[in-house]
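Thanks for coming. I'll go through one model this morning, starting with a pair of strands and then moving to an annotated site.

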Amino acid sequence: MQSWSAPAVPVLPGRGPALRLYDTADRQIRPVAPGPTASMYVCGITPYDSTHLGHAATYLVFDLIHRLWLDAGHQVNYVQNVTDVDDPLLERAERDGVDWQSLASSQVELFGTDMTALRVLPPSHYVAATEAIDEVVEVVEKMLAAGSAYVVDPSSSDHPDIYFRADTTEQFGYESGFDRATMLELFGERGGDPDRPGKADPLDALLWRAARPGEPSWPAPFGAGRPGWHVECAAIALSRIGSGIDIQGGGSDLVFPHHEFSAAHAESLTGERRFARHYVHAGMIGWDGHKMSKSRGNLVLVSKLRAQGTEPAAIRLGLLAGHYRSDRFWDDATLAAADARLERWRAATSLPAGPAADDVIARVRRYLADDLDTVKALAALDGWTTDALEYGGHDAAAPRLVATAVDALLGVAL
């Protein structure tokens with residue numbers, strides 16, 4: 001699958017400190033220590049609706065990581081999937097009377113347009129689930145052979161669906177840290193089927209959904225069907241990166257069951273204790289007192305904001321104004337503050353001279369390296385901006401150097 005176009009990323013002189021990030025599994029901030037090539041797998045969209053600000057906030061988090069790795073001199077192997085065959089997509093297509101592939105294609109295109117506008121760096125590998133069927137079939141075959149997967153009891157169903165045994169790995173549950181009761185509750189709320197008859201354990205997760213009339217399916221040695229949600233990501237990550245990836249990431253609503261199971265799938269295949277060295281999750285964006293979600297219908301769409309004349313750079317600054325791990329709300333005041341900030345930064349970096357830039361750039365690098373503290377990074381730039389506009393300066397190179405740093409590290413073109 002073709003990803004969106006990449007913006008140019010300017011190179012800053014010098015290097016910032018090593019990146020430290022909060023790890024969901026360890027429940028603490030600790031160093032990220034990639035080799036020369038840093039690797040990251042981030043879960044992509046299920047393309048049945050447009051990009052909302054919750055999506056945008058999540059992908060901005062991993063864009064910042066991408067940019068900080070580049071600034072530190074790493075190559076980056078970034079993989080992102082698209083879940084272009086799944087129940088929500090098929091249900092939306094049926095509701096609207098459209099072909100599911102056409103719906104997916106149109107929404108993937110719109111998502112790419114939004115990411116381009118927000119200047120999000122594209123992944124190295126952008127892989128649709130329908131492009132990874134062979135990889136999924138291969139890993140399901142291996143799981144069946146190893147006994148970590150099973151065909152559901154035929155006396156309970158006409159459909160020979162295949163499930164993953166949640167107790168396959170001794171460490172299952174380490175990523176979320178949830179107890180069994182919480183797991184079962186979230187499993188039922190987030191796409192799982194704990195009440196499915198014929199399963200060995202209510203927590204066992206679907207690997208392969210056997211073909212049903214009117215649904216897309218693909219041939220497999222164990223029977224035609226389509227992938228489950230979690231195994232898709234495990235198969236794509238293992239085939240494009242391999243084991244021991246540096247970061248697995250996404251929104252905090254993916255911690256369980258999606259990331260817990262995709263990690264367990266991979267670990268059952270590789271025998272490793274951890275699928276990823278770091279599990280990184282972004283907080284939720286709310287509107288009108290609730291988390292922004294398609295099911296609730298309270299979406300603020302990036303495309304609609306853009307159509308109303310909102311500058312993408314202001315959207316980006318508005319989302320970066322809160323810490324990435326915090327659940328937070330978007331409102332008109334957030335956007336107005338971002339617009340004002342963008343205007344002041346542009347005015348300051350357009351001056352013929354300004355205060356020296358070395359200190360503010362070092363501080364921005366240091367704050368971002370400390371668990372992506374954008375709140376402090378933006379405040380540091382505000383301080384330099386105020387000094388430039390109110391007191392001036394004598395460094396003719398400083399305004400352009402600050403603008404370059406804002407572009408390279410924050411992805412905002414001034």
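How do strand 1 and strand 2 run, and how many bridges join them? They run antiparallel, and 4 bridges join strand 1 (residues 20-23) to strand 2 (residues 28-31). Strands here are DSSP runs of E with at least two residues, helices are runs of H or I with at least four, and both are numbered from the N terminus. Two strands pair if DSSP finds at least two bridges between them.

Before going on, this is a predicted model: local features need pLDDT of at least 70, side-chain atom pairs count only at pLDDT 80 or more, and totals for chains, interfaces and linings use all residues. Residues are numbered from 1 along each chain as its sequence is written, and side-chain values use heavy atoms, with hydrogens and water left out.

Back to the strands. R20 stands opposite P31 in strand 2. The two strands form a hairpin with 4 residues between them, and R27 in the turn has a positive phi of about 60°.

Now the site. An unreviewed UniProt entry lists C43, C233 and H258 under "binding site"; UniProt positions are in the numbering used here, feature names are shortened, and annotations may be inferred rather than shown by experiment. These residues are spread over 216 residues of sequence, yet they cluster in space, with a largest C-alpha distance of 9.5 Å.

C233 lies in helix 6 (residues 229-240), and H258 in helix 7 (residues 255-270). C233 counts as buried because its relative accessibility is 2%; buried means under 20% relative accessible area, exposed over 50%, partly exposed in between, with a 1.4 Å probe and protein chains only. H258 is buried too, at 1%.

For contacts, meaning heavy atoms within 4.5 Å, I leave out neighbours up to four places away in sequence. C233 then touches Y41, C43, N81, H258 and S262. H258 is in contact with C43, W229, H230 and C233.
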